[in-house]
2 protein chains.
Amino acid sequence: MTERRATIEDVARVAGVSRGTVSRVLNDSPRVSEAARAAVQRAIGETGYRANPHARSLASGRNDTIGVLLTRPHPELFEDPTFSLLLQGISDGLAATDLGLVLLLAGTDDEQRRAARFIDPRHVDGVIHISPLIDDPMMPVCAASGVPVVVCGDAGNGRASSRTWTVGTTDRLGGYEAGCHLREQGATRVAVIAGPERAAGSRDRLLGVRDALGGAFDPDLVEHGDYGRESGFRAMGRLLDRCPDLDGVFCASDRMALGALERMRLAHIDVPGDVLVVGFDDHEIGAAATPALTTVHQPIRRIGTTAVQMLTAALGGENPTDQVFPTHLVVRDSSVRR
Amino acid sequence: MTERRATIEDVARVAGVSRGTVSRVLNDSPRVSEAARAAVQRAIGETGYRANPHARSLASGRNDTIGVLLTRPHPELFEDPTFSLLLQGISDGLAATDLGLVLLLAGTDDEQRRAARFIDPRHVDGVIHISPLIDDPMMPVCAASGVPVVVCGDAGNGRASSRTWTVGTTDRLGGYEAGCHLREQGATRVAVIAGPERAAGSRDRLLGVRDALGGAFDPDLVEHGDYGRESGFRAMGRLLDRCPDLDGVFCASDRMALGALERMRLAHIDVPGDVLVVGFDDHEIGAAATPALTTVHQPIRRIGTTAVQMLTAALGGENPTDQVFPTHLVVRDSSVRR
DNA sequence: CTGAAAGCGCTAACAC
DNA sequence: GTGTTAGCGCTTTCAG
């Protein structure tokens, strides 16, 4: 345990070659004879050699690690299946590479300071920014660091830096489709349970329904939640207090929609008989709900894998094009009058 | 952007001192004159200097970073408030230090490989292992790396290495108390909805109820879930199929207990009239449920802060003592016959 | 208190 | 193909 770690020097000695050759084998350069390669590999096994990542990074300027930046408070973050899926997508995308993955928590001020230290070309080669906020405090940090960044969602006004790319969905169009659907199904007093005020995606979905409803849109019938079930439940309560005869609700997340359903059940309001409901996300829980939830599908997991692809492309010196995946409405029972 | 980053050399030149002095200021050594310190600080501001972490680590052997190891599949992990709380505790604990925090995902084989690379004395100074499994595949990796590890929960048979410590709760005793309570309240056919088979904590809770029930314990009345609501719902369904006249249920998590409540509501089984229910965790959702959930409280957040304290102590060369926090029963409506 | 200098372990450019 | 060598940017003796 106290024993000194084997270095490249030790390996070279054991293999009877020079440091340079060992390094070449390590970075599998083509300019190595089979014999030398074999000898080095054996020596690595014997010595239990593991490269010192710092020495390597110091000399090469690479880190072989990317960071995933998380800028929402823990509870909000951790209970949201969206993040789980996004992260799975990222994990999937990374499988094809040999990059390391590091999660950077930046939900509180203190965490932001800590994370800022890590957003540095000498720590991570690139950053994937999940859950961007409007006027996101970490965007300037990313820009200043010079690290390439892929934002999942809206990067905010005037792209922070030339090394920022985005991959997202048609949030606004999704909201629009949901709004149109509610209207078509006959809803005339449509309420909205939006997500966190500062969440970029939520704002776009809200703009979308507003577009769809036009004059029928009532700004008084908008409540904000945190994407969670409980917040949807409470928001629905407030909406019902204010407007007992509303006949449609668009929720910016499926979980809030489920909370809203629950609240209405409690109030003996029939869905879809009295009120039509549309969610957003298309998570499993929505399909299993009673009534089955109409929702706007977005390919979250795919966004994750794409983010990785774009980032690796950027690391390779390419200039990836921003991607926007289409959302589409999934009509189920909660929005269709029987 | 393309501009070369300022190095310690630049700072030294601007400040009119030597590299050594700058380094001393950076590591706030006491052996520096006020004048020199001020000059260096000014120069740092002017040049926008930021230390190169790799160079620093290479020279010093420290990393100033700890890793949090997560060995459960994403969905399971991310929807569990327990992790959120644990992580908050860790975040809190870290606030007093200037250590960086890095989350290491190791839920799949691929992720495990990736994480293993990072569990290395040259990457992280220490590891906090959340959610240990029985025969956890990452424990040998941790041991082999020589990195100090604090395990939140049971480290498994024969402590992996002399540099492993644990902080946990009296899981078994908690299960025992729950079991006793159910008996005292008159339950005679008690079922158990345990957590994942390989989760160390879940196993202990199960052993605890078994202790309490003694001869009344029926191994056929045990089902396993993944700590999630849905899995509790389904497990309850299976139990009811098998034993429609059970009169008590202990669930290894509050979320599974809520799922079980839901399932029983569906079957028009009255809680606590027909069946008594006890959960585990004491999450908020349980207190808000109908009926309010009796549960076993464990100080999760505190476990997180303690893990950090133990780890920093270990990094400081001390040998912290393992900690076990007491659980206690919180009696609410779900387990008390009216 | 401060400067000089010797590494930390590795990569990459340069000879051969 | 392979060995040699000059750094990468910092910490940490060791003198002074």
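Two strands count as paired here if DSSP finds at least two bridges between them. Keep that in mind for the sheets. One caution before we start: this is a predicted model.

Let's begin with strands β8 and β9 of chain B. β9 covers residues 276-278. The two strands run parallel, and 3 bridges join them. Which residue of β9(B) is the bridge partner of B:V249? That partner is B:V277. B:G248 also has a bridge partner in β9(B), namely B:L276.

Now the other neighbour of β8(B). Strand β6 of chain B, residues 190-194, pairs with β8(B) over 4 bridges. The sense is parallel again. Here B:V192 has B:F250 as its bridge partner.

Next, the faces of β8(B), residues 248-251. Are they covered or open? Both are covered. B:G248 and B:F250 are buried on one side, and B:V249 and B:C251 are buried on the other.

Let's zoom out to the sheet in chain B. This is an open sheet of 4 strands, with parallel pairing. The order is β7-β6-β8-β9. β7, residues 222-224, and β9 stand at the edges. Each of those two has a single partner strand, so one side of each is left without a neighbour in the sheet. On average, neighbouring strands are turned by 15° against each other, direction ignored.

Now the helices around this sheet in chain B. Helix α12, residues 254-266, makes a β-α-β unit with β8(B) and β9(B). That unit is right-handed. Helix α10, residues 200-213, lies across β6, β7 and β8 of chain B. Relative to β6(B), helix α10 runs at about 170°.

Over to chain A. We find an open sheet of 4 strands there too, in the order β7-β6-β8-β9, and the pairing is parallel. β7 (222-224) and β9 (276-278) of chain A are the edge strands, each pairing on one side only. Helix α12 of chain A, residues 254-266, lies across β6, β8 and β9 of chain A. The angle to β8(A) is about 150°.

How do the two chains relate? Chain B can be laid on chain A with an RMSD of 0.1 Å. That takes a turn of 180° and a shift of 0.0 Å along the axis. This is the relation of a two-fold axis.

Now the interface. 34 residues of chain B are in contact with 34 residues of chain A. On the chain B side, α4 (53-60), α5 (74-78), α6 (81-95), β2 (100-105) and α7 (109-118) each supply at least two residues. Which element gives the largest share of that side? α6(B) does, with 7 residues. And 100% of the interface residues of chain B are also interface residues in chain A, so the copies meet through the same surface.

Last topic: the core. The largest nonpolar core has 89 residues. A:I128 and B:I128 have the most contacts inside it. Helix α14 of chain B, residues 300-315, gives this core its largest share, 7 residues. Take B:I128. Leaving aside neighbours within four places in sequence, its contacts include B:I66, B:V68, B:L69 and B:I90. B:V150, B:C152, B:A307 and B:L311 are in contact with B:I128 as well.

Note on methods:
Residues numbered from 1 in each chain as written. Chains lettered and ligands numbered in written order. Predicted model: local features only at pLDDT ≥ 70, side-chain atom pairs only at ≥ 80, totals over all residues. Buried ≥ 20, exposed ≤ 12 C-beta atoms within 10 Å, placed from the backbone. Right-handed = clockwise from strand over helix to strand, strands pointing away. Core = buried A, V, L, I, M, F, W, Y, C linked by C-beta atoms within 7 Å. Contact = placed C-beta atoms within 7 Å. Least-squares fit on C-alpha atoms with pLDDT ≥ 70 in both. Axes fitted to C-alpha atoms, helices over the stretch in contact; angles between N-to-C directions.
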